[in-house]
Structure formats: structure tokens, C-alpha cells
Amino acid sequence: MSKLDVKLHQFNAARPKGYWPDRLDGELQVGLRLSGLRKGKYDAALEEALDYLLDQVKTCGCVTEQAARRAEEQLAPLS
């Protein structure tokens, strides 16, 4: 299990249910697979987004639309 897999697992274990967390989970899972196929090309962007989201969940116990959109901006290199 990679460091990013562990962070995604931590995010999923701690995140609340809802549209934005569910949406991000899907985007992150696809991103991890894509980065794996591209030999880690997107690992930095994924790690930045996961660190931000883990901090949000730890700080406020939620993932707001604003936080989700910021994480998606961090994932923009995957587009």
C-alpha cells in the first residue's frame, strides 16, 4: 500500500457522508489509478489535495463545497 493509498484510506475513514466527500473520493481513486499508470506523474498533486482534505476533516469535521472546489483545483493537473 502506497503513502497515497494510506492517505486516501484515512480520508475515507474520517470523512462525513455527503455529495462533496463522495465526489472527491471518486476523483481521488481515479487519480491514483491514473498516476500509477503514469509512473507517479500526478502523485504530488494528489498528495497536496489529500493533505488539504485531511486537514479540513480534522479541523472542522466536514468537507464544504468551497474546500472540495479547492481540492479539485489542486487536482487540475490530472485533467
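1. Throughout this note, contact means heavy atoms within 4.5 Å. By that criterion, and not counting residues up to four places away in sequence, Leu28 touches Leu8, Phe11, Leu46, Leu50, Leu53 and Leu75.

2. The model is predicted, so local features need pLDDT of at least 70 and side-chain atom pairs count only at pLDDT 80 or more, while totals for chains, interfaces and linings use all residues. Residues are numbered from 1 along each chain as its sequence is written, and side-chain values use heavy atoms, with hydrogens and water left out.

3. The largest nonpolar core has 22 residues, of which Phe11, Leu28, Leu46, Leu53 and Val63 touch the most other members. A nonpolar core is a set of buried Ala, Val, Leu, Ile, Met, Phe, Trp, Tyr and Cys residues joined through side-chain atoms within 4.5 Å. Buried means under 20% relative accessible area, exposed over 50%, and partly exposed in between (1.4 Å probe, protein chains only).

4. Two or more residues of this core come from each of helix H1 (3-14), helix H2 (19-37), helix H3 (43-60) and helix H4 (65-74). H3 gives the most, with eight residues. Helices (H or I, at least four residues) and strands (E, at least two) are DSSP runs, numbered from the N terminus.

5. H2 and H3 pack at an angle of about 155°, with their axes 10 Å apart; axes are lines fitted to C-alpha atoms, for helices over the stretch in contact, and angles run from 0 to 180 degrees between N-to-C directions. The residues in contact are Leu24, Leu28, Gly31, Leu32 and Ser35 of H2, and Asp43, Leu46, Leu50 and Leu53 of H3.

6. Ser35 lies in helix H2 and counts as buried because its relative accessibility is 0%. A polar atom of the Ser35 side chain is 3.0 Å from the backbone nitrogen of Tyr42. Beyond its neighbours within four places in sequence, Ser35 is in contact with Gly40, Lys41, Tyr42, Asp43 and Leu46.

Conventions
A polar contact is a pair of N or O atoms within 3.5 Å; within protein, one must be able to donate a hydrogen and the other to accept it, and residues adjacent in sequence count only if both atoms are side-chain atoms.
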